[in-house]
Amino acid sequence: MISKEKRKIGFTLAEVLIVIGILGIISAMTIPNLLTKISKRQIETKTQVAYSLLYQTMQLADSADNTTGTTILDFNDENMKDWFRKFIQPHIKVLETCYNTYSCWHEKGEVKDLNGNKAWYSDNAGMGLNTLSFTTAKGISFSIDGWGTLPTLNSIFGIKTAQDSLIVYFDANGRSKPNKIGKDIYVAVYIPERGLLPAGTDKTQAEIEQNCLKGNGYWCLAYIKRNNWKIPDEVWKR
């Protein structure tokens, strides 16, 4: 005669439901964290790719311009088109180019800083006035604005120069969120005499850390570049 203990080889419905419930709780706790880590790592990788692509492009453009470095023209539409065709288009596979239009960049006011405030000059097509924007085959969006020699270049972008300059914003994951400077959008400055520089380059390490970890995030590119292209968790959670 088979004992009751030996006959009981399956699970009751209640036991199955309990196990499913436990697995559901574990999944609810772990999957969002896993997806967040994956998203963070993807943006870190694409940020490094975007900066390297732009850095190499500007170096190639510099070598092609044998006058006094890559010429920075006053950014009206025609000058922008000439500048783009001469210095950018030969070196980057571009899907779409925009001159003072929105389709290559975020809509008006969509870009925020790490404090949650609307980013400077984000009320226009692109980031600034008379902007050139473009998207690449790698899904990265760029917006370039001519800044001349404005004294605010140092206070806002952390670069000291008496030369004309370009401010370059790039969104590592294109039009996808979070659309925050310091998380997926980063800022660099191009000066013919010095080349492409992460915003904040001329600030101290302490000033860069303060800006990125607790400030508006405009100098975060300098921070993560020195941090082996890792976005700090404190920044990612902001």
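The model is predicted: local features need pLDDT of at least 70, side-chain atom pairs count only at pLDDT 80 or more, and totals for chains, interfaces and linings use all residues. Residues are numbered from 1 along each chain as its sequence is written, and side-chain values use heavy atoms, with hydrogens and water left out. The protein chain has seven helices and six strands; helices (H or I, at least four residues) and strands (E, at least two) are DSSP runs, numbered from the N terminus.

**Overall composition**

- Along the sequence, the elements of the protein chain follow the pattern α-α-α-β-β-β-α-β-β-β-α-α-α.
- The protein chain has 238 residues, of which 44% count as buried; buried means under 20% relative accessible area, exposed over 50% and partly exposed in between, with a 1.4 Å probe and protein chains only.
- Among contacts in the protein chain with a separation of 6 or more, 59% come from residues 24 or more positions apart; a contact means heavy atoms within 4.5 Å.

- The six strands form an open sheet in the order β1-β2-β3-β4-β5-β6, with antiparallel pairing; two strands pair if DSSP finds at least two bridges between them.
- The edges are β1 (94-99) and β6 (195-198), each with a single partner strand, so one side of each is left without a neighbour in the sheet.
- On average, neighbouring strands of this sheet are turned by 25 degrees against each other, direction ignored; axes are lines fitted to C-alpha atoms, for helices over the stretch in contact, and angles run from 0 to 180 degrees between N-to-C directions.
- Strands β4 (residues 165-171) and β5 (residues 185-191) run antiparallel and are joined by six bridges, and aspartate 171 stands opposite isoleucine 185 in β5.
- Four bridges pair β5 with β6 in the antiparallel sense, and the two strands form a hairpin with three residues between them.
- Tyrosine 190 has leucine 196 in β6 as its bridge partner.
- Threonine 136 belongs to strand β2 and is buried, with a relative accessible area of 2%.
- Leaving out residues up to four places away in sequence, threonine 136 touches Ile92, Lys93, Val94, Leu95 and Phe142.

**Helices**

- Helix α3 (residues 77-88) lies across β1, β2 (132-136), β3 (141-148) and β4, and runs at about 155 degrees to β1.
- Ile208, Asn211 and Cys212 are buried in helix α5 (residues 205-213).
- These residues cover an arc of only 90 degrees around the axis, which puts them on the same side of α5; the arc is that of the directions from the helix axis to the C-beta atoms.
- The cover over the buried residues of α5 includes α6 (220-226) and α7 (233-236).

**Nonpolar cores**

- The largest nonpolar core has 39 residues, and of these Trp83, Phe142 and Phe170 touch the most other members; such a core is a set of buried Ala, Val, Leu, Ile, Met, Phe, Trp, Tyr and Cys residues joined through side-chain atoms within 4.5 Å.
- Helix α2 (residues 13-64) gives the most to this core, with seven residues.
- A second, separate core of 20 residues includes Trp105, Val111, Phe157 and Ala199.
- Apart from neighbours within four places in sequence, the contacts of phenylalanine 142 include Ala50, Leu54, Trp105, Leu132, Val168 and Phe170.

**Backbone features in loops**

- Lysine 177 and proline 178 are joined by a cis peptide bond with omega of about 20 degrees, and proline 178 lies in the loop between β4 and β5.
- Asparagine 179 is in the loop between β4 and β5 and has phi near 60 degrees, a positive value in a residue other than glycine.
- Asparagine 179 is buried, with a relative accessible area of 5%.
- Tryptophan 229, in the loop between α6 and α7, has a positive phi of about 60 degrees although it is not a glycine.
- Tryptophan 229 is buried, with a relative accessible area of 10%.
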